[in-house]
Amino acid sequence: MSVLTMSKALAQAMYEEMERDPNIVVLGEEVGAQGGTYGVTAGLFEKFGKDRVRDTPISEGVIVGAAVGAAMNGLRPVAEIMGINFAFLAMDQIVNHAAKIHSMFGGQFRCPLVVRTTSGGGKQLAATHSQTPDVIFAHFPGLKVVAPSTPAEAKALLKSSIRTDDPVFFIEHSTMYSERGEVSDDPNFLLPIGKSDIKRKGKDVTIVTYSKMVSISLKAAAELEKEGIDVEIIDLRSLRPLDLDPVFESFKKTNRAVVVEEGWKTFGIGSEVATRVYEECFDYLDAPIERVAQKEVPLPYSADLERAAIPQVRDVVAAVKKVL
Amino acid sequence: MTKEEYLELYKQMVVIRLIEEKCEELYQKSKIGGFMHLYVGQEASGVGAISARLPQDNVITAYRDHGIAIACGMDPKVLMAEMLGKVTGCCKGKGGSMHLADINLRFWGGHAIVGAHLALATGLAWADKQKGSDGVTLCFFGDGASNIGYFHESLNLAAVWNLPVLFICENNHYGMWTPVEESSAVTEIRKKALGYDIPSEVCDGMDLLAVRKASEKAIAHIRSGKGPFFLEIMTYRYRGHSMGDQRPYRTADEIKEWQTKDPIGKFEPVMMKAGIKKEQIEAIHAESAKVVEEAVRFAEESPSPPMDELYTDIYVEN
C-alpha cells in the first residue's frame, strides 16, 4: 500500500494498464506533455509517447467520436473531457453512439471506451462550470457510469473501467484530486463495476450516497454518533449498473433512509433510490425517505452563496434527524 | 478495368436500383418500418468509390446506406432481412434501414445522427494508423452534413493528426428539402476542405468511371501517407429525402433532367464500346431481378427475433 492523492491514484491506474496493453491510448485536451488540467495524466506522455497519449483540439464532439471509432476498430481509448459541463458538447457521441453501438448493430461492434471527466461544484467556477449532472448520464442503457469516492477505489475502478469491453463514463470530483488515501500497489487489484459498498456500519438510519458526498456523510455520521445516532452509509460507486441490494438489506434493518447527492433533487438519484426502496421495502418503512440535494438554482460564483446551495454536513445531520 | 469488372460493377448498380424499388414497394405495404432513405440515382457514387478500395479499407456512411452496403458486398438477403426486422438481418433486426453494417466487410455502418459518423471515421482511421495498417477509411456523407460542427471538428482532427480518411461528400443538392444554396455559405462543398488544408477533387457522380478514377487517385494519395483527402461527388437522388416526401421543393423538370444522365443508362454504351454484348447486359438485369426476388423471399420466410433478443447485446459484460 502507498498513500497517494486521488489524481496520482488515477494516473497510476492508467500507467499500469497502458504498460499491460499496448492498445490502450489516452486522448484529450492537454493530456500530453502538460499532464492534464488536473494533472491526472502526468507522466504518461513521457513514458508512452505522443502516439499513445494524444493532445486533441478543443473539440469535444470529435474527441469522444474519434474514441468511439477507435474503440470499434480495436483500440481501448481513455478520453479525458476536461469538465462534465463540456461533456454536454459530446453528449451525442456518449449517449447516441458509445452507449448504442453494441446493441444497435446486433452485437457486431464493441466500444471498450472510458470517458473520464470531472464533476461537481465548490471551486467558485460559477454556473456553467460547477455542475453535478451525473445522473443524466446514468439514464442510458448501454453506458456504465462510475463515480468513486476514495483514491484506492478510484484506481481500482478506473482499471476495471479500462478493462471492460463496455463504454464507461467515469466521473471524478473536481474538489477531491488532492485528497489522500492508502492505495494498493498490486497492478491486478480491481473492484467490480456495479457493486455498492458499505462505508460505515450502523443500525439506526441508512444513508445512500456516492462520490464526494460519501465524505460529507461520514462527517455527518461522526457528529450524529456523539448524539447516540448510529448511521449506516452505502456508497453506490456506480450509478449504472445501480446496485441497490445492499441498500434494501440495510433498510430492512434500519427502516429509515436518507439519500445524499450533490446534484439537483428534481429527477435526481434520490428520486430513483427512494422509489426503488418504496417498491422493494414498503413493509419496512417507518418514515418517508429524505433527500439531501443541491438547491434548485444554477450555482452562483460567490463562495457563501455557492456553499448555501451545495449539501453540507449540517444538511445531512438535519435530514437524518428528520427521519428518526 | 476488365470487362468482368465492368459487368460486376454494373450488376451492383442494377441490384441497388432494384433493391431500392423493392424497398419502396415493401415500405408502402408497411412491411418496412421507420425512416427509409433511398439511393436511387446515386448508384454510381457508392459503387464507383467503393470499388476502388482494398480489403483492409473501411467504409462508413450515413443513413442513406442501402447502396453502400451492397457496394461493400453485403448479401442482399441479409440486407432485406434487416429491412423487415428479421433475426437473420445484418443487425439481427435491431438496426433497420438506417443502420446496416457488417464488420466482416469492414462496413462500419449506416449512422443516422447527421455528421456524427465523420467523427467515428477519424477514430477508425486513427486505430488503423496506430496498429500499423495501411487501411484507408472511406467516409460518405451528404452535402447537408457539411454544415454541422462534427464536419469541421473531424476534418480538422484528420488534418492535424494526418489521418488516412477519404471524406466523400455525396452532393445530391438537397439537405432534406432545402437546396444547398439556402443552407451552405459555399455551394461547392469541397471549398470547406480548403480551410483545413485538405486537398480535394470533384467528379461527376452520374459517371461510374469518373467516380472510380477520382476515388483511386484519392485513395492512392492517402495510402502514400499524405493524410486526408476530400472528394465531392456531384449526384442526385431521384426520390425524396425519405419515404413519404411529397414536398414540392423541386420541379419535375429538374428530376427529369437528371434522369437523362442516369448512372446505369449512361454506363451501358461504355460497356458496349468495350465489347460487352447487349445480351450480357440483359442477362444482368434478369439475374439481378432474381437476386432481389430471392432476397425478399428469404427475408419474408425468416423468423422475427425471439423475445429474449430484447435483452441481448446491451452490454458485453453484464
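1. Two strands count as paired if DSSP finds at least two bridges between them; strands are DSSP runs of E of at least two residues and helices runs of H or I of at least four, numbered from the N terminus. The model is predicted: local features need pLDDT of at least 70, side-chain atom pairs count only at pLDDT 80 or more, and totals for chains, interfaces and linings use all residues. Residues are numbered from 1 along each chain as its sequence is written, with chains lettered from A and ligands numbered from 1 in the order in which they are written.

2. In chain A, 7 strands make an open sheet of mixed pairing, ordered S3-S2-S4-S5-S7-S6-S12. Strands S3 (53–55) and S12 (238–240) of chain A are its edges, each pairing on one side only.

3. Within that order, strand S2 (residues 24–28) of chain A runs parallel to strand S4 (residues 76–81) of chain A, joined by 5 bridges. A:Ile24 lies opposite A:Arg76 of S4(A).

4. A further open sheet of chain A, also mixed, has 5 strands in the order S9-S11-S10-S13-S14. Its edge strands are S9 (197–200) and S14 (290–294) of chain A. Strand S13 (residues 257–264) of chain A and S14(A) are parallel and share 4 bridges; A:Val259 stands opposite A:Arg291 in S14(A).

5. B:Cys139 has contacts (C-beta atoms, placed from the backbone, within 7 Å) beyond its neighbours within four places in sequence. Among them are B:Ile60, B:His117, B:Leu118 and B:Phe167.

Methods:
Two residues are in contact if their C-beta atoms, placed from the backbone, lie within 7 Å.
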